[in-house]
Amino acid sequence: MGKVALITGASRGIGRQMARDFAAQGYGVAIGYLRHEQEALALQAELGPSALAVQADVSDANAVAAMVQKVCAHFGKIDVLINNAGIASFGLLTEVSEKDWLWLFDVNVHGAYRCIREVLPKMISRRRGAIINISSIWGVTGASCEVCYSASKAALIGLTKALAKEVGPSGIRVNCIAPGVIETDMNARLSAADLHALAEETPLGRIGTPEDISAAALFLASSKASFITGQVLGANGGLVI
């Protein structure tokens with residue numbers, strides 16, 4: 001068995017593209033999902049024996065533990081963990097309830113923590129592994145009317161930098177990708193005019209694609225990035241430099 005990647009939130013969007021691209025590079029791929037079972041199973045069928053769809057709510061510690069156990073039982077190991085599962089929140093801060101604030105952090109930040117906590121012991125014992133956290137451009141710069149989302153994605157950046165220092169001596173690399181505006185369901189709320197305006201503001205003149213982010217993840221997971229850890233890769237077309 002070659003390397004194995006566990007990708008959360010992999011039934012759609014960026015996660016689905018990463019599952020496809022990692023499988024194409026010879027990885028065994030665990031397709032983490034919560035609600036979109038049909039899409040996850042269809043992706044598993046598409047990718048064949050190298051893929052395993054596994055359901056888990058990353059806000060549930062027991063579910064995360066069971067997911068990691070199932071992946072390790074099937075593939076024997078996890079070489080790469082990609083914390084991609086996440087939810088968004090839009091609206092004025094004064095309109096965000098405490099319940100919604102805590103829920104978003106429980107998925108976006110605590111979910112990553114739970115997954116990392118489960119995979120780290122075996123990575124440490126094997127003295128190798130790569131962890132990639134998917135943050136956001138708004139975790140770097142902040143966004144009006146997305147305070148909760150921005151704060152949670154900024155927390156992932158802090159987690160990345162601190163953990164990289166902690167586990168580097170054990171041979172484990174921890175990096176972060178901060179995507180810009182990407183063509184995904186999460187941005188489907190934006191009108192064509194909004195997307196056009198964002199593309200015009202972007203130096204490269206276009207909106208990003210899931211393939212752009214997947215390519216960055218493949219690089220950070222590979223031996224070509226063997227001396228890169230604790231970094232935030234801004235895949236945003238130059239919108240933020």
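**Buried residues and crossing helices, term by term**

Me: G230 lies in the loop between α9 and β7 (232–235). What makes G230 count as buried?

Reply: The model is predicted, with residues numbered from 1 along each chain, local features needing pLDDT of at least 70, and side-chain atom pairs counted only at pLDDT 80 or more, whereas totals for chains, interfaces and linings use all residues. Side-chain values use heavy atoms, without hydrogens or water. G230 has 11% relative accessibility, so G230 is buried (under 20% relative accessible area; over 50% is exposed, in between partly exposed; 1.4 Å probe, protein chains only).

Me: What does G230 touch, leaving out residues up to four places away in sequence?

Reply: G230 is in contact (heavy atoms within 4.5 Å) with T160, K161, A164, V174 and N175. From G230 to L218 the C-alpha distance is 16 Å, and they are twelve residues apart in sequence.

Me: How do you know that S170 is buried?

Reply: S170 has a relative accessible area of 15%, so S170 is called buried. S170 sits in the loop between α7 (147–167) and β6 (172–179). Beyond four places away in sequence, S170 touches I124, R127 and R128.

Me: Which residues of α1 are buried, and what covers them?

Reply: Buried in α1 are I14, G15, Q17, M18, A19, F22 and A23. Their cover includes β1 (4–7), β2 (28–33), α2 (37–47), β4 (80–83) and α9.

Me: Why is α1 called oblique to α9?

Reply: The axes (lines fitted to C-alpha atoms over the stretch in contact, with angles from 0 to 180 degrees between N-to-C directions) come within 8 Å and cross at roughly 50°. That angle makes α1 oblique to α9, since under 35 degrees counts as roughly parallel, over 145 as roughly antiparallel, 65 to 115 as roughly perpendicular and the rest as oblique. The crossing of α1 and α9 is right-handed (the near helix is turned clockwise from the far one by less than a right angle; anticlockwise is left-handed). G13, I14, Q17, M18, D21 and F22 of α1 meet P210, E211, I213, S214, A217, L218 and A221 of α9.

Me: What makes α3 (residues 61–75) oblique to α5 (residues 110–126)?

Reply: The axes of α3 and α5 come within 9 Å and cross at roughly 40°. With that angle, α3 is oblique to α5. The crossing of α3 and α5 is right-handed. A61, V64, A65, M67, V68 and C72 in α3 meet R114, C115, R117, E118, V119 and K122 in α5.

Technical notes:
Helix = DSSP H or I, 4+ residues; strand = E, 2+ residues; numbered from the N terminus.
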